[in-house]
Amino acid sequence: MPRIRVVLSHMPRLLHDIVHSILTAESDIDVDDGSSHSAAPMSLEDVRNAHVVIVTEPEFLRMNYESLLYGNPRLRLVAVSGDGRSAALYELRPCRIPLGELSPQTLVDAVRAPSGYGSST
């Protein structure tokens, strides 16, 4: 079974301890919490070998998560709300969006469209 390396970063102590205990109970997950209480911004070096990074949402909103994801496109980033009750997953992934019958307008719309054009999300 492949090991999953998780980095906990910029989390309040109580939330860190809860997340840490949940994840370390799993046999296929290794938790690295070396920078979990650091005030420094997270860098590509911090996540170089990580599969998943978990941060709190307030920190996530301050960080340059786009550069982390583009610098490590297989990385998954989990942003946990400050109260620990909800979370969101961020990742880069290829997708296929069917455009239907091709017409000149369909082609122009596809070229001009923002990411996620035609998707149901």
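User: Is H10 buried or exposed, and at what relative accessible area?

Analyst: This is a predicted model, in which local features need pLDDT of at least 70 and side-chain atom pairs count only at pLDDT 80 or more, while totals for chains, interfaces and linings use all residues. Residues are numbered from 1 along each chain as its sequence is written, and side-chain values use heavy atoms, with hydrogens and water left out. H10 sits in the loop between β1 and α1, where helices (H or I, at least four residues) and strands (E, at least two) are DSSP runs numbered from the N terminus. Buried means under 20% relative accessible area, exposed over 50% and partly exposed in between, using a 1.4 Å probe and protein chains only; H10 is buried, at a relative accessible area of 10%.

User: Thanks! What is the phi of H10?

Analyst: Most residues other than glycine have a negative phi. H10 is a residue other than glycine with a positive value, and its phi is near 55 degrees.

User: Which residues of α1 are buried?

Analyst: Helix α1 covers residues 13-24, 12 residues in total, and its first and last C-alpha atoms are 16 Å apart. That is close to the expected 16 Å, the expected span being 1.5 Å times one less than the number of residues. The buried residues of α1 are L15, H16, V19 and L23.

User: Within what arc do the buried residues of α1 fall, seen down its axis?

Analyst: The arc is that of the directions from the helix axis to the C-beta atoms. The buried residues of α1 line one face of the helix, because seen down the axis they fall within an arc of 100 degrees.

User: And which strands do the buried residues of α1 pack against?

Analyst: Contact here means heavy atoms within 4.5 Å. The buried residues of α1 pack against β1 (4-8), β2 (29-32), β3 (52-56) and β4 (76-80).

User: What handedness does the unit of β1, α1 and β2 have?

Analyst: β1 and β2 run parallel and are joined by 4 bridges; two strands pair if DSSP finds at least two bridges between them. V6 has V31 of β2 as its bridge partner. A crossover is right-handed if, with the strands pointing away from the viewer, the path from the first strand over the helix to the second runs clockwise. The β-α-β unit of β1, α1 and β2 is right-handed.

User: Where is S27, and how far is its C-alpha from that of I4?

Analyst: S27 belongs to the loop between α1 and β2, and with 58% relative accessibility it counts as exposed. E26 lies in that loop between α1 and β2 too, but is partly exposed at 41%. S27 and I4 are 23 residues apart along the chain, and their C-alpha atoms are separated by 9.6 Å.

User: How many residues of β3 are buried?

Analyst: In a regular strand the side chains alternate between the two faces of the sheet. For β3, V52, I54 and T56 are on one side and V53 and V55 on the other, with both faces covered. The number of buried residues in β3 is 5 of 5.

User: Which residue of β4 stands opposite V53?

Analyst: On one side, β3 runs parallel to β1 and is joined to it by 3 bridges, with V53 as the bridge partner of V7 and V52 as that of V6. β3 also pairs with β4 in the parallel sense, over 5 bridges. In β4, the residue opposite V53 is L77.

User: Which residue takes a positive phi in the hairpin of β4 and β5?

Analyst: β4 and β5 (residues 87-91) pair in the antiparallel sense over 5 bridges, and R76 is opposite E91 of β5. The hairpin has 6 residues between the strands, and the one with a positive phi, near 75 degrees, is G84.

User: Finally, in what order do the elements of the chain run from the N terminus?

Analyst: The chain holds 4 helices and 5 strands, and buried residues make up 30% of its 121 residues. Among contacts with a separation of 6 or more, 56% come from residues 24 or more positions apart. From the N terminus on, the order is β-α-β-β-α-α-β-β-α.
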